[in-house]
Each structure stands twice: as C-alpha cells, then as structure tokens.
Amino acid sequence: MDVWWGEYEVAANQTLRWQLGPKTLWVTRGDNEWRVGSAGGQDRLDDRLVIAEPSDEPAGDDIDFKRFASRSGNRSVRLAPALPDLDVVVKTTQPFFVPTREETTLYVSVPLWVQVYLDGREEELMDTPIYRPSDTWFGPDTMTGELCYALQTSARLHLEDLPRRPHQAISAVRIRNSAQSVLLIEKLKVPVALLSLFASDKGQLWTEALTLEYARPAEGTNVKLDNKPTQIAVTQRIAGPRKEMSKGFLLDAFGQLFVKKGGKGRE
Amino acid sequence: MSEFLSNLGLSDLLATDRVLDIVRAALILVVGLLVARLASGAAARGLRRRLSAQEVMLVKRLTYYVLLALVVTSALHQLGFKVGVLLGAAGVLSVAIAFASQTAVSNLISGFFLIAERSFVVGDLLDVNGRVGTVISVDLLSVKVRTFDNLMLRVPNSEMINATIVNLTRFPIRRLDLQIGVAYKEDTQRVRQILFDVADRNPLCLEEPAPLFIYKGYGDSALELQFSVWAKRENFLALRNSINEEIKSAFDEHGIEIPFPHRTLYTGSVTEPFPVRVVTGYAGSAPRSEDVSR
C-alpha cells in the first residue's frame, strides 16, 4: 500500500492534490498565504489513492476552503493520519459470547482523519475525516451516555476478513473475561482517542494492541495499552493519542453499566 | 453656670464626641461594606465548582445583604439609635411593605424554588409558552431569555413556576419526528426501506437509538407515516434540513408520490358524465373545441 502521509514540498503558486479514498485535498502555496481545500464524498468503499499530484486550483461551493497567512519561509506541508476525535462503536455480526476465563482478539477497522500541518509548525491547518462515520449514541438510555461514531464494518475474528483501505487503520482488541459470568458482546466501544498510530513496513496503519479486561462488571472494563501493535514486526509511530489515559481509567466498553437514579455513581 | 461650662469648653467637647461617633459609624459602614463585598465574593469563588451559576449568585447576594444589614445596624447603634426599637418599628413596617409588594415577594420566593429545582440553567434553550430562547440569567425576580430574533424576554419568576417549560437542551440527543404522507398506491415496505437508507446515509442521524417507522393511519389523501430519527442536539437543525431534502430526492428518484389533498367530484349515481372540452390551438387563434364524454 502506498504511503500518503509525510512531508511534501510545494513550489510557489503551485497546487497539489491528494485523493484519499472519498476525500480530495488541495494545498496551494500562494504569495504570503497557504490555501487548503477539501471535499469529500460519502462512499466509504472508495479506495482511490492519488498522492501530491500537481493540479489546478479547484473552485466550487462544495469545497471547504481555508486560507492561512504565512511568511514566505514555509515551503512544504505535512500530511498526517489521525484517529477519530470520538470513540468508535463497532458491532459484531452476530451476538458473540466470551465464556469465563476465555480470551479472544477482535479486529476492528477504524476510519482515519487527515491533518495538514505547515512545515515545522505544531498547529494543524486542517483536521478532517477522510470518510465521516455516522454518529451514534452509546449508553443505557437516551439521557445518559456518550456520543460516538458508528463503524459500518463489523468487528472480525480473523484479520484476513478485514478489508484493507488506505484510509483505515486496524486495531486489535484483545478481550479477556476474568469475571464469573459469560460476557455477551453485541457492540463494543473502542477508545480510539487514547490510541496512537503506527505504520507497518507495507504501509498499513495500525493502532497499538489494547486489552479490555472484563473483571468486575459492576465497575467497568480495565483498559491496558501495549506500546505497539503486536501483529506486525516493523513499526514506526506516526501519531500520538488525542488524549492521555488517566490513572485507574475504567471504560464502559460493552454498554452494560447503568447509572443509578439521582446520582453520578454506576451500578 | 453656662458661662462656666463654656469657659471649660465642654460644649465643644460634646460636639467632638458626636463627631467621633459619626466618624466611627462611617468607618464601620465603609469597612463593613468592603468586608461584605469581599466575603460574598470569596463565598462565590469557593462554591463555584460545587454549585450552579444561579446558586452561586444567590449565595453571593444573600451573604452580601446579611452582612450589609449587620453593618448598617452596628453603624446605627454607634450613632446612638436604639436598635431594638428600630427593629420593632421595622417589623411593623415590613408587614406594611409585604402587603404592598406581594408580587415582588411572590416572584422572589418563586425564584428561590426555580433555582433549587434546577430544571434549567443559564445557557439552556427553553420553550416558554411557545416562545423559544436561550436563558441569559436567572435573577431573583425574573428569568431573562434571549429569543432567536434577538429580543430580550423577561418572564417573572411567579409566571415561570406556573408555566409548563420545555427545556430543549437538557439531554444530549434529540428526536426529530417527520410526518410523511405517501400515496395509497405505494408499497409501504419499499417506502420504509427508502427512508431507512436515507437515515443510514446521513452521518448526522444517529445509528443508535435506531430510527423509528410508525404507520399512523389512513388519511384523507395519503397513507400517514411517521419517521423519527435521532441527532446530537447541536446537529438537530442541520439534520432537520438535510434529511428532509434527502427524503424528497429519494422519493423523486424512486417515483414515490407525496400526494396533495384530493377532491373527487361525485354528483350521485344517476349523474350524466361530466362534459370535458379539449382545446387545441394557441392563444390568438380561434380555438377548435369538441365535447368528449367520459
């Protein structure tokens, strides 16, 4: 798979175009300004890939354009992949049971965002989803819960069943049931905001492996992050997490916690 | 004798004592006001994280006014007034004032209940008797709401406590109910599938809670359907606009008819067929007409 992220030099008054699946990006270096445009379709199966192709500057109402003032010192832009800004909820194809003292790994295909940075600068010019997943609500009722993105592809037990696209990363979620009861998984919340991105030598993006330990169902699920993906050998860390994990963080990964009436505690 | 006293300068001294009392009272007033302001500010800062904005404001004002009352009483005492008598007189006066200011007191007490009930806070979007706006402040006498056309709506607390208020932003997600009518000839299973596909394609439409399809009944001109979709409350308006457009386009694409009210003219079983005149030719030229019976 071709690598689309990295640094690209843009000549004065030149426009470069990227086509990342359904998303098209244009970057133009003008006189004392940079113009960044993006347009996106909603076809998530689109896997076109065009990297830094010189093009004409586009025009049209459906293009989201932004202009940035810049001294002439900057000559290049950096494109970086990023994980979604909300957690994602993935369904299993059928209700999936994990008996007590069992462990399984589910593979999840996570849609990516693309960030555009000016050379040597920390703040991004653009942070946009390559394919905008649908919103969904993850919670016991419509009053309590959390807004997440819903994934269209279900979690897979075998890695080879997972479609590979340039604008998706793979996350391996190990689920360990240490509780005294059988764990039923119909949907799973993956805390992608806590994860980093790694690239394999073949250009596939992965998140580090994470373990969800279901030990005390009443309290939440323990989350453990490995320091790299375990399924691939050669890796390079491409992007850090959107937020840091706090100590003693517990996740309601399986949507089984209910908020007590009139209180903030969970039962 | 008076001459003797005057020689001693006693009347001057008396006058000096009086001045001293006034100075002391003024000092108590100034320092007291300063302390009251600082103390109420400190109380508000201390409670800001634990209480809502209105409750903090209430605590701040109560602290300030209680301290102010104490300071004023001390200052009066310093000036030689008998506070007990004054308070007695104030008691009688307060009855008179209470009668005179029933509305204000009723608003004030309603204000306390509104704040304690926490049914809305500053920044919430409310529907009060059909007028929708954002709460800009909850004061002791009234609630101030900014309507969408940028008008300031002042609703007295007593009215607020009796009114049925809809808080549109209390919960993070909202349901949008679309009332749709389709022609009787349409296959409702197909219509249902088209609606679900539209909801599936719109990223603002929540996947869970899933959209709801309700067959409402047989209307005068159309099959009446309700399609309910959920959205994040901030995206409610955007979803309302986008999904209606998308449903219309999907219906047009699949040839689903949205009927307008029909009227069939029937003049009884023995009526002769209506004569229909077919006109050919253009304006300006004499129309050729023929009667056609159906």
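## Two residues with positive phi in chain A

A:Arg101 lies in the loop that joins β8 (88-98) and β9 (103-111) of chain A. In this predicted model, A:Arg101 has a positive phi of about 60°, although it is not a glycine. The residue is exposed, because 10 other C-beta atoms lie within 10 Å, and a residue counts as exposed at 12 or fewer.

A:Asn13 is another residue of chain A that is not a glycine and yet has a positive phi, here of about 55°. Its place is in the loop between β1 (6-9) and β2 (15-20) of chain A. A:Asn13 counts as exposed, because it has 10 C-beta neighbours inside 10 Å.

## Strand pairing in chain A

In chain A, strand β3 (residues 23-30) pairs with strand β4 (residues 33-40) in the antiparallel sense, and the pairing runs over eight bridges. Within this pairing, A:Thr24 stands opposite A:Ala39, a residue of β4(A). The two strands form a hairpin with two residues between them, and in this hairpin A:Asn32 takes a positive phi near 55°.

β4(A) also pairs with strand β6 (residues 64-69) of chain A, in the antiparallel sense and over six bridges. One residue taking part is A:Glu33, whose bridge partner in β6(A) is A:Ala69.

## An open sheet in chain B

Chain B contains an open sheet of five strands, arranged in the order β4-β3-β2-β1-β5 with antiparallel pairing. The edges are held by β4 (152-156) and β5 (165-167) of chain B; each has a single partner strand, so one side of each is left without a neighbour in the sheet. On average, neighbouring strands of this sheet are turned by 40° against each other, direction ignored.

Within chain B, strand β1 (residues 125-128) and strand β2 (residues 131-138) are joined in the antiparallel sense by four bridges. B:Leu125 has B:Thr134 of β2(B) as its bridge partner.

## A cis peptide bond in chain B

The peptide bond that leads from B:Glu208 to B:Pro209 is cis, and its omega is near -5°. B:Pro209 is placed in the loop between α7 (188-201) and β7 (212-218) of chain B.

## Where the chains meet

Which numbers of residues do chain A and chain B bring to the contact? Chain A contributes eleven residues and chain B contributes 13 residues. On the side of chain A that touches chain B, the elements giving two or more residues are β12 (134-138) and β13 (146-150) of chain A. β12(A) gives the most to this side, with four residues. Sorted by class, the side of chain A that touches chain B comprises five nonpolar, four polar and two charged residues.

## Confidence in chain A

The average pLDDT of chain A is 83, and 94% of the residues score at least 70. Residues 258-267 of chain A have a pLDDT below 50; beyond near neighbours in sequence, this stretch has eleven contacts in the model. Where pLDDT is low, predicted coordinates should not be read in detail.

Conventions. Residues are numbered from 1 along each chain as its sequence is written. Chains are lettered from A and ligands numbered from 1 in the order in which they are written. This is a predicted model: local features need pLDDT of at least 70, side-chain atom pairs count only at pLDDT 80 or more; totals for chains, interfaces and linings use all residues. Two residues are in contact if their C-beta atoms, placed from the backbone, lie within 7 Å. Ala, Val, Leu, Ile, Met, Phe, Trp, Tyr, Cys and Pro count as nonpolar, Asp, Glu, Lys and Arg as charged, and the others, Gly among them, as polar. A residue is buried if 20 or more other C-beta atoms lie within 10 Å of its own, exposed if 12 or fewer, and partly exposed in between; C-beta atoms are placed from the backbone. Two strands pair if DSSP finds at least two bridges between them. Axes are lines fitted to C-alpha atoms, for helices over the stretch in contact, and angles run from 0 to 180 degrees between N-to-C directions. pLDDT is the predictor's confidence in each residue, from 0 to 100.
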